[in-house]
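Q: Can you walk me through this structure? I'd like to go chain by chain and then look at a few details.

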Amino acid sequence: MRFEKKDILDIESLEPWEISMILDTAQGMKEISERPVKKVPTLRGKTIVLFFQEPSTRTKLSFDTAAKRLSADTHSISAGTSSIVKGETLIDTAKNLEAMKPDVIVLRHPSSGAPHLIAKRVKASVINAGDGIHAHPSQALLDMMSVREKKGKIAGLKISIIGDISHSRVARSDITGFSKMGATVSICAPRTMIPKGIEKLGCTVSPNMEACIEGSDVVMMLRIQKERQGSILFPTEREYSTLFGLNRDRLKLAQKDVLVMHPGPMNRGVEISSDVADSDCSIILEQVTNGVALRMALFYLVAGGSRHADSH
Amino acid sequence: MDAKKDIIIKDHLIHAIVDPEYVDPEYKDADPNIHIIDAAGKILVPGLIDIHVHLREPGQEYKETIETGLAAAARGGFTTVCCMPNTNPVNDNSQVTRFIIQRGREVGLSRVYPVGAITRGLKGETLAEIHDMKQAGIVAVTDDGKPVLNSNLMRRALEYCRGLNIPVFVHAEDTCLADSGSMNEGSFSTFWGIKGIPNAAESVMVVRDIALSELTDAPVHFCHISTKESIEAIRQAKKRGAKITCETAPHYFTLTDEDVKEYDTNFKMNPPLRSKEDRQAVIEGLSDGTIDLIASDHAPHSVVEKDVEFDRAAFGIVGLETSLSLALKLVHDGNLTLPELIHKMAKQPAKILGINNDIKEGSRADLTLIDPDHEYVIDPSTFRSKSRNTPFAGMKVKGDAFLTMGGGKVVYQRDGQSGGHGDHP
């Protein structure tokens, strides 16, 4: 089968076979980053715009690195430097970018659906690098890649996701992705952070952290945003940590070969204890390594792969 | 009245209502000043009234003007509309009230009755000069678009308006609970990653204002009711004899949050499209009389406000030119009889405003001819409104206004020959 998608907007719009193809392609790309000369000419002459309307270090660098390893030219626009601050609408900015003939636009935006809005208006491929609280498909795909790499499969695994589900685009994409690939997903959070109807995305809501973790093959912790402390969602980091922090004792409830994951950036001592974060079961840094390979795969599939077979 | 009659209109008034055989067919030829409208197969009803529209003038003429808004009203079959005060400047003083009335007269299409603000600048802090605005011609007050969050201020507003004998229209929304949401809170808002607005954001304020109405013995009219909880609270209040009336809008009995297309801001309005159960409750509320009337909440916006990110888009959809067709579906589906529908779109609004639109000799000739069988597809490019923000584009509907008459003057007539919404003849 050929990968025909123009855009990568969310996990919902990807078929299981497309997800498998992305993960297979990414696995193949991984080796490039191990070479002494970490560059292949695959996307030479292609232009990739990194359009980030929200602060990001890791994701932006990961996309940038991925593009450069495939020899694409990258250009970066961020919130402070774009004409959006001058009052230009997102669609006008996107159309102006389009006029400069980029092949791919990577968009991060604080509004859910912003990538969907521009994808309809531009010929370039649009890759969603995180939209509001909606989706973060490349993160979910790299998470699936990391789990599959370690466990050899996704189907049949028990995945626990703990943290601020309401405000997490990572959680939404992971729940959708892992359940689509046959895993069982359970989530846990203060009730103030569990959105209505989340079960319909393909997960169960656990009554407490112990029940959530018990027998898990993968425990994924989400960052608790410090700025939410003292808001109406939870009283203190201390109390949050007591109820929902991952520590050695709690981790014992999981499978012996459990994988601990975190999309970063971590709050050590809040949602995850330092010893767990640095333990052998933690694959947090491997997630970051895989992120580059996964994003190389996305660029290749939308801009250089079978969709554009004639140009090779 | 359910009968076949001829109506003779003279000097803006209904001159006589007679049996068809009374008028000599040759009569027309005798006097070229007599104009005969063939209403065969059509239903004549009292001029429809939409008590909840936003005409945007003064201040936001790029969205709508009094002229385009009243043209849209005429096309929708409405001989009278009430315009909300959230213009710029706000209609919280008699000068703005007079301006709107003056412009409405100059335009000379459907009639416009302004609704004034409850509080100065719609800020929810101090009372506006309601008596002064009433002298200038307002028919009600509201802070529509915003609630009066301060319960004590709302109590005083109700008491004050009761003394002035002016109705208060309530935009029921606890904005703290709504928490900057953009669509109904539920599994669909979770799916799209859009911040949700819970049903309770509406119903807690409905319950509060029922209590304040009972405390002050002042009537309260609730705008655009959308949830089953609000409807049940109003049903119970009415049973107790509270002076409560309410309206809903066609989108709340036509669509649900399930229909919200991928980040399509034409499905974004406040209150938001609710769940299937809420839609069902709205239909039941209309059927059993809990919901007194239908108003469109016509809220024109330009692409500047709508062709943007969903959470940044303005709330609201246009409704004047789709309201009647969507409401007629209630009749086609057997949820209301046609007389019941006309009651909710013509008689009840008139009662709340204290005006008379009866079809009887000597009354002002504000009349609407409905063509109940006319099937067509809603096409926003034909709208007379300046704005096109509707979720109903492409929807097949049955029945619409064939002719609208304001004060004896034909202000809209559909081109019956083409079968579509052609230009004004």
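This is a predicted model: local features need pLDDT of at least 70, side-chain atom pairs count only at pLDDT 80 or more; totals for chains, interfaces and linings use all residues.

Q: Start with chain A. How many helices and strands?
A: Chain A has 11 helices and 9 strands. Its radius of gyration is 19 Å, close to the 20 Å that the globule rule gives for 312 residues, so chain A is as compact as a globular protein of that length.

Q: What box do the C-alpha atoms of chain A fill?
A: Along the principal axes the box is roughly 55 × 45 × 35 Å.

Q: And what share of chain A is buried?
A: Buried residues account for 48% of the 312 residues in chain A. On contacts, taking those between residues at least 6 apart in sequence, 76% join residues at least 24 apart.

Q: Same for chain B. How many helices and strands there?
A: In chain B there are 14 helices and 16 strands. A compact globule with 425 residues would have a radius of gyration near 22 Å, and the 21 Å of chain B agrees with that. The C-alpha box is roughly 70 × 45 × 45 Å along the principal axes.

Q: What about burial and contacts in chain B?
A: Of its 425 residues, 54% count as buried. Among the contacts in chain B with a separation of 6 or more, 74% are between residues 24 or more positions apart.

Q: Back to chain A. In what order do the strands of the 4-strand sheet run?
A: The order is β2-β1-β3-β4 in chain A, an open sheet with parallel pairing. β2 (73-78) and β4 (125-131) of chain A are at the edges with a single partner strand each, so one side of each has no neighbour in the sheet. On average, neighbouring strands of this sheet are turned by 15 degrees against each other, direction ignored.

Q: How many bridges between β3 and β4 of chain A?
A: β3 (residues 104-109) of chain A pairs with β4(A) in the parallel sense over 5 bridges. One of the facing pairs puts I105(A) of chain A with V126(A) in β4(A).

Q: And the sheet with 5 strands, what order is that?
A: That open sheet in chain A runs β7-β6-β5-β8-β9, and the pairing is parallel. The edge strands are β7 (204-205) and β9 (259-261) of chain A, each pairing on one side only.

Q: What joins β5 to β8 in chain A?
A: There are 4 bridges between β5 (residues 158-162) and β8 (residues 218-221) of chain A, and the two strands run parallel. I162(A) stands opposite M221(A) in β8(A).

Q: Switching to chain B: is β12 buried or exposed?
A: Buried. All 5 of the 5 residues of β12 (residues 244-248) of chain B are buried, so the strand is largely enclosed by the rest of the structure. I244(B), C246(B) and T248(B) cover one side, T245(B) and E247(B) the other, and all of them are buried.

Q: Which strands does β12(B) pair with?
A: β11 (residues 220-222) of chain B is joined to β12(B) by 3 bridges, running parallel, with H221(B) opposite T245(B). β13 (residues 293-294) of chain B also pairs with β12(B) in the parallel sense, over 2 bridges, and there E247(B) has L293(B) as its bridge partner.

Q: At what angle do α13 and α14 of chain B cross?
A: The axes of α13 (residues 323-332) and α14 (residues 338-353) of chain B cross at roughly 150 degrees and come within 9 Å. The contact is made by A327(B), L330(B) and V331(B) of α13(B) with L338(B), L341(B) and M345(B) of α14(B). The crossing is right-handed.

Q: Where is P114(B)?
A: P114(B) is in strand β6 (residues 111-116) of chain B. With 25 C-beta neighbours inside 10 Å, it counts as buried. Leaving aside neighbours within four places in sequence, its contacts include C83(B), N91(B), I101(B) and G137(B).

Q: Last one: how many residues does each chain give to the contact?
A: Chain A gives 21 residues and chain B gives 17. On the side of chain A that touches chain B, α3 (90-99), α4 (114-119) and α6 (169-180) of chain A each give two or more residues. α4(A) gives the most, with 3 residues.

Definitions and conventions. Residues are numbered from 1 along each chain as its sequence is written. Chains are lettered from A and ligands numbered from 1 in the order in which they are written. Two strands pair if DSSP finds at least two bridges between them. A residue is buried if 20 or more other C-beta atoms lie within 10 Å of its own, exposed if 12 or fewer, and partly exposed in between; C-beta atoms are placed from the backbone. The radius of gyration is taken over C-alpha atoms; the globule rule is 2.2 Å times the number of residues to the power 0.38. Two residues are in contact if their C-beta atoms, placed from the backbone, lie within 7 Å. Axes are lines fitted to C-alpha atoms, for helices over the stretch in contact, and angles run from 0 to 180 degrees between N-to-C directions. A crossing is left-handed if the near helix is turned anticlockwise from the far one by less than a right angle, and right-handed if clockwise.
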